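Here are my notes on the model you sent. Please keep the structure open beside them as you read.

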Amino acid sequence: MADCAKARALLMPAACLVAAALLMGCGGGESNGTADETVKNGEAETRTVHHHGGTTKIPADPRRVVTVHDQHGLLPLWSLGFRDIVGSVGSTRDGERFFRRMESHGYSPSDVEWISPWGEPDLEAIAALNPDLIVGVATNEPIYEQLSGIAPTVLMNPWRDAPLREIVMDYARLVGLEDEADRLEAEYQEKLDALREAVDEPHELVISLIGYGAHGGAELGQFYAVGSDGHPVEAILRKIGFARPAEQLAVDERTYYSVERLRDHDGHLLLRMTHDQGSSSDDERHSQAIQGSPLWNQLTAVRLGQAIDLDGEAMVGGGYDPYITASERLLEIVEKADTSGDLSHMVVATPDDS
Amino acid sequence: MTRSAVTVEPFTIPNRAAGLAIATLALAALIVLSLRVGSIEVTMSDAFSALFFLDEESYEQLVVRSQRLPRTIIGLGIGAALAVAGAAMQAATRNPLAGPGILGVNSGAAFGVVTAVFFLGITHPYGFIWFAFAGGLLATTVVFMIGSVGPGGASPVKLALAGVVVSALLGSWTTALVLFDEQSLDVMRFWSAGSLSGRDLSVLVAVAPFLVVGVVVLILLGDQLNILSLDEDSARALGMNTGRMRAFVSVVVVLLAGASVAVAGPIGFVGLAVPHIVRRFSGPDYRWVIGYCVVVGPLLLLSADILGRIIAHPSEVQVGIVTAMVGAPFLIALARRRKVAAL
């Protein structure tokens, strides 16, 4: 009996470990930022988080966070109301250091230290900030070990195939702001409902979404369709069920087209993503190559006066802000849309067809 | 006897003229193809109408007139300029692997543009042209200054080495500037691989005087290039001031290559490969080599451009990438099958 008890005592921890491992394994292919448990470890409480880079113990209440991506690290945390961020990577423009997309959403993170360009995280500068949590993204995987050597590091994957709510909740759980994430989700759903109510028959309104400019990787004289790869505007257009150029619904990822193909990307509305903040010379050159072409003036949307620029700076990035901004702007646009133009020269489809 | 004569001297004037005529006919056919082939189909009738009886309501005709005609004309000008510049450079440096890039023209032009954007905030595309030009000219001047140091003046080997050093230096400075400013990085993309797409014909018009004067001067200098391509002692024995002539030819090359880079960005291998191709038909006489280059340069460049429109449908591959992809194996094959033709 005593032997049995001894054996049970020995086996119990092992069984717990196996069960924990199984639970972790059942958590799905790519679970991000999932907090398992909160443990009081000495003086500081910690939580175990499963994320893109693995499993990490992080402070239950982080106070010195460094983000290793601005628009998918700093922005989603900041938009949840989290302010204990001591530093972030960013970008440069005209010699000025800044964090992408923050200004477009009215944020001024003046107390956040600019670390280095986002493509080249400066590990020494990160260590100098003495962070208690580092939030990176999947593309930081090559430096995950070094980052983990500085402080507990979690890698988020905002590009994975998952609902927006799930992705934002990953960030919210890291900093204990799940309620704020729920509130933003409700606000976003309200905006979508308003958009649905504004258009009786979304299948009869053909909306094309294109972009051009070096920011999107397009060469001069080319434009691109963003495909189904998680762009906020594209996601909303598909969600509401607007009719689209068939070509745009058929592509899964950003696809580039010669300007000669503009006609196939016509619509009642032609929405063009712009990213000309601070790069006007570049934007002017690309605009001239597309909008300066007589092919542009042949488009039905242009003839209807419904070729409209969207501020891409405010409609990309992590968190709900880009989605809420995009749905508000789309509502303004579709409420006034004229559907009288002839589109017989192109193939139209709806998300249901694709 | 006839056979023997042909074997000994295949590069007779009739043969060369016939070859040039065939190349010209091929170029004419390629121009038609360039107007018809692309992302959308264009009939022969639409292509013809677009040139002479444009119907502004016809999308296809507008494609030809607004897109394909300008890029075809730019291809003709740039192709000829690069090929002629390459041939002249090979003669001036007596280096069979020389091209316009060896004098630092490409890296100088790129550095000029990034400097203009970063330090001067130049925003208009026309501004880039002159900075590309100035950068190319400055780089070449520095290459000549370095290459002329020491006994013997500007020897081919010293010039080539100086070109490599200056290109590397300018390349590192350009990279450093780009790292400080993402806006410069965006602009730099334009200069990373040459393309004929989306280029404004008015930019070609702006640099056309340089192209025309450069090509005409080098055609007229055919005899001098023949002498310059001999060894140093022979050229001097024939009364040539080789240093002065080499410097003059290089200035003309910079005009041609700088103008080309300003319009279309850096396009490699045309200046390098075309002279080697044409020597198989023209022989080593630079009076003919230059003439052939005027025709075969555009032939190669337009072929690469058309290929680039097809292989990545619905997008396009920049012509600079196609010439590099096709040109590199071609040169390796050329070097393996037959020793590089005598200059």
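1. Terms and conventions. Helices (H or I, at least four residues) and strands (E, at least two) are DSSP runs, numbered from the N terminus. This is a predicted model, where local features need pLDDT of at least 70 and side-chain atom pairs count only at pLDDT 80 or more, while totals for chains, interfaces and linings use all residues. Residues are numbered from 1 along each chain as its sequence is written, chains are lettered from A and ligands numbered from 1 in the order in which they are written, and side-chain values use heavy atoms, with hydrogens and water left out.

2. Confidence in chain A. The average pLDDT (the predictor's confidence in each residue, from 0 to 100) of chain A is 85. At least 70 is reached by 83% of its residues. Residues 1-29 of chain A fall below 50. Beyond near neighbours in sequence, that stretch has three contacts in the model; contact means heavy atoms within 4.5 Å. Where pLDDT is low, the predicted coordinates should not be read in detail.

3. Overall make-up. Chain A has 12 helices and 16 strands. Chain B has 15 helices and zero strands. Buried means under 20% relative accessible area, exposed over 50%, and partly exposed in between (1.4 Å probe, protein chains only). In chain A, 53% of the 354 residues are buried. In chain B, 52% of the 343 residues are. Take the contacts with a separation of 6 or more: residues 24 or more positions apart account for 66% of them in chain A and 73% in chain B.

4. Helix α6 of chain A. This helix covers residues 178-198, 21 residues in total. From first C-alpha to last it reaches 31 Å, close to the 30 Å expected at 1.5 Å a residue. The expected span is 1.5 Å times one less than the number of residues. Which residues of α6(A) are buried? They are Ala181(A), Leu184(A), Glu185(A), Tyr188(A), Leu192(A) and Leu195(A). Seen down the axis of α6(A), these buried residues fall within an arc of 105 degrees, so they line one face of the helix. The arc is that of the directions from the helix axis to the C-beta atoms. An α-helix has 3.6 residues a turn, so residues three or four places apart point the same way.

5. What surrounds α6(A). Its buried residues pack against α2 (70-79), α5 (164-175), α7 (232-240) and α12 (321-335) of chain A. The face turned away from the buried side carries exposed Asp179(A), Glu190(A) and Glu197(A). Glu190(A) has a relative accessible area of 57%. Glu190(A) and Ser327(A) are 137 residues apart in sequence, yet 9.8 Å apart in space, C-alpha to C-alpha.

6. In β15 (residues 307-311), Ile308(A) and Leu310(A) point to one face and are buried. β14 (residues 269-274) pairs with β15(A) in the parallel sense over five bridges; pairing takes at least two DSSP bridges. Met273(A) stands opposite Leu310(A).

7. His265(A). This residue sits in the loop between β13 (255-258) and β14 of chain A. Is His265(A) buried or exposed? At 1% relative accessibility, it counts as buried. Leaving aside neighbours within four places in sequence, its contacts include Ser208(A), Phe223(A), Tyr257(A), Leu270(A) and Met346(A).

8. Ala60(A). The loop between β3 (54-59) and β4 (65-67) of chain A holds Ala60(A). Its relative accessibility is 23%, partly exposed. Arg173(A) is 113 residues from Ala60(A) in sequence and 9.8 Å away in space, C-alpha to C-alpha.

9. Positive phi. Asn130(A) is not a glycine, but has a positive phi of about 50 degrees. It lies in the loop between α3 (123-128) and β8 (133-137) of chain A, and is exposed at 55% relative accessibility. Phe269(B), also not a glycine, has a positive phi of about 75 degrees. Its place is the loop between α12 (242-264) and α13 (270-282) of chain B. Phe269(B) is partly exposed at 26%.

10. Ser58(B). Look in the loop between α3 (44-52) and α4 (59-93) of chain B. Ser58(B) is buried, with a relative accessible area of 11%. Its side chain reaches the backbone nitrogen of Gln61(B) at 3.1 Å.

Notes:
A polar contact is a pair of N or O atoms within 3.5 Å; within protein, one must be able to donate a hydrogen and the other to accept it, and residues adjacent in sequence count only if both atoms are side-chain atoms.
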